[in-house]
Amino acid sequence: MKKKWWHGKAAYQIYPKSFCDSNGDGIGDLKGIIGKLDYLKELGIDIVWISPIYQSPFVDQGYDISDYYALDPAFGTMEDMDLLLDEAKKRDIKIVMDLVVNHCSDQHEWFKKAAEDPYGKYGKYFYIMEGKDGGVPCNWRSYFGGSVWDKLPGHDHLYYLHMFAKEQPDLNWENKELREELYKMIRWWLEKGVAGFRLDAIINIKKDLRFQDFPADREDGMCAGTLMLQHAKGVHTFLQEMKEQAFAPYDAFTIGELFDFRQEEMERYIGEEGCFESIFDFAPHILGGSKNGWYDSKKVTPDEYKRAVFGSKQFSQDIGMMANIIENHDEPRGVSHYLPEGEVNETSKKMLGGLMMMAIGLPFLYQGQEIGMTNKTFTDIKEVDDISTLDEYHVALEQGLSKEEALKVISRMSRDNARTPMQWSDEPHGGFTKGKPWLRENENYREINVKEQENREDSVLSFYKAMLKLRKSQEYGEAIVYGRQTPWMEEKSNFVAFKRTGEEKTLLVMANYQKEAQKIQIAETIQKVVADNLRKVSDWGVNAPDQWKLAAGGNGWEILLKGYQFLVLEV
């Protein structure tokens, strides 16, 4: 793997609407982010990705952009953006923006002009087609439910394609003129000083241009839009062109959101000549899912989690560095998703975070993860804002679930779990705002908040700070960033362990992924305890072989790992 400037860094995603509100209107903003840059620096963050702040009607929380060159007034002004870039630069923090170019908003001037003249210049910026047999052109289902086709405003016989919400028309990447418009916009932001982009839903930019029906996978007669992607060919041509014309001249950091790609294509995405610098490792995130909907999803087991992480690292680590995540703005809270119900506590939260931080890859924290924020319990569907959650609620009802059962399903899976306000303190609304928050906060903010954890050595926040410091340490940094990752005792159930073998140091990472204790035999010589989630961080680094029992016959060590204990040993 060719070494890059960002390999030893740590990244953090901000969902701006819910991060910090500076003016009391209930919506997080750029000035709020500026006020927390010192917090991020102290945490150990080098790269900050900010979810969309462009002008938008907010049908899909800013992922429906009506003007790529303007900021939405809810977040502030372009002067605020310039100040953020300046203040971040002073702290050696890179700002990465969201790049949403698969689709725009139906309020964008391009789409409005396309509706006025479907056969003119802007009509060619979108996929506009005649209907078939009195209905839509084909039977693809959108990611948010319903057909991907909707009638073009003012035209009964014409339909436009939208893979997401009907207010998010897909842009026609087959049109060179459109692509050049997008590249011009990307260069404009890079000139302004952003360090790069996270590319939203980027594999969707290439369509199966036959626009044909596929076998239905639900009673609605439609098929998942992802099926179309398996037949779409040539996305790399578009991505390489974008890299050459927009990203490469500025040495931009780019990270792709890719769910539907084939392993053999990894080289083309993040290899030495790949389209992106990195992509997110979503291997654990697709576990337990069902094509039928959230109501049919299954809880992820520790062994499934282990196999997913081990599998992705095995085929990716020789090619490039993926980004490790537990959660993001599109997922439920990781600790609620990957830990058994009733076993979510500070020890298990640290264990999950420790595994993410020690696996090979760029650690990418999501706001609130560093304090162990959890899912919220929704008591009424009226509390839900997310368009995808509302669709899944209705899908569950249609399948015969009661309102209470459907509410329980979406409480477990909703994207709104990650979008509740950041919990800064035990003050009203978690210290997020002086006003009424746009989305109701999680009731547990009085117990789980930054202020309570900041000066407590055994807190989740202190653990994350210590793990990030370890990643950048002179002693262990090379092994953690570049060391080969190899599974260890892979067949042991509810137990995740692997070695990170660097040029000079070898680390053994172990996690007891259950509440019951487990005995582990170690033949290797233990040099030092590098990290332990059951100890205060100031006690890390203490030589500890004398604390454990010599194995029978004096050959190695027998360690009793307590419930959810996480250890990093130098061996």
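This is a predicted model: local features need pLDDT of at least 70, side-chain atom pairs count only at pLDDT 80 or more; totals for chains, interfaces and linings use all residues.
**Strand E18 and its sheet**

Strand E18, residues 506–512, is mostly covered, with six of its seven residues buried.

On one side, E18 is joined to strand E17 (residues 495–501) by seven bridges, and the two strands run antiparallel. Four residues lie between E17 and E18, which together form a hairpin. Within this pairing, lysine 499 has leucine 508 of E18 as its bridge partner. Leucine 508 also stands opposite leucine 569 in E23. That strand, E23, covers residues 566–570 and pairs with E18 in the antiparallel sense over five bridges.

These pairings belong to a wider arrangement. Five strands make up an open sheet with antiparallel pairing, in the order E16-E17-E18-E23-E20. At its edges are strand E16 (484–487) and strand E20 (528–532), each of which pairs on one side only. Averaged over the sheet and with direction ignored, neighbouring strands are turned by 20 degrees against each other.

Helix H9, residues 302–316, touches E16 and E17, and its direction makes about 20 degrees with that of E17. Helix H11, residues 346–358, packs on the sheet as well, touching E17, E18 and E23. The direction of H11 makes about 150 degrees with that of E18, the strand with which this account began.

Conventions: Residues are numbered from 1 along each chain as its sequence is written. Side-chain values use heavy atoms; hydrogens and water are left out. Buried means under 20% relative accessible area, exposed over 50%, partly exposed in between (1.4 Å probe, protein chains only). Two strands pair if DSSP finds at least two bridges between them. Axes are lines fitted to C-alpha atoms, for helices over the stretch in contact, and angles run from 0 to 180 degrees between N-to-C directions. Contact means heavy atoms within 4.5 Å.
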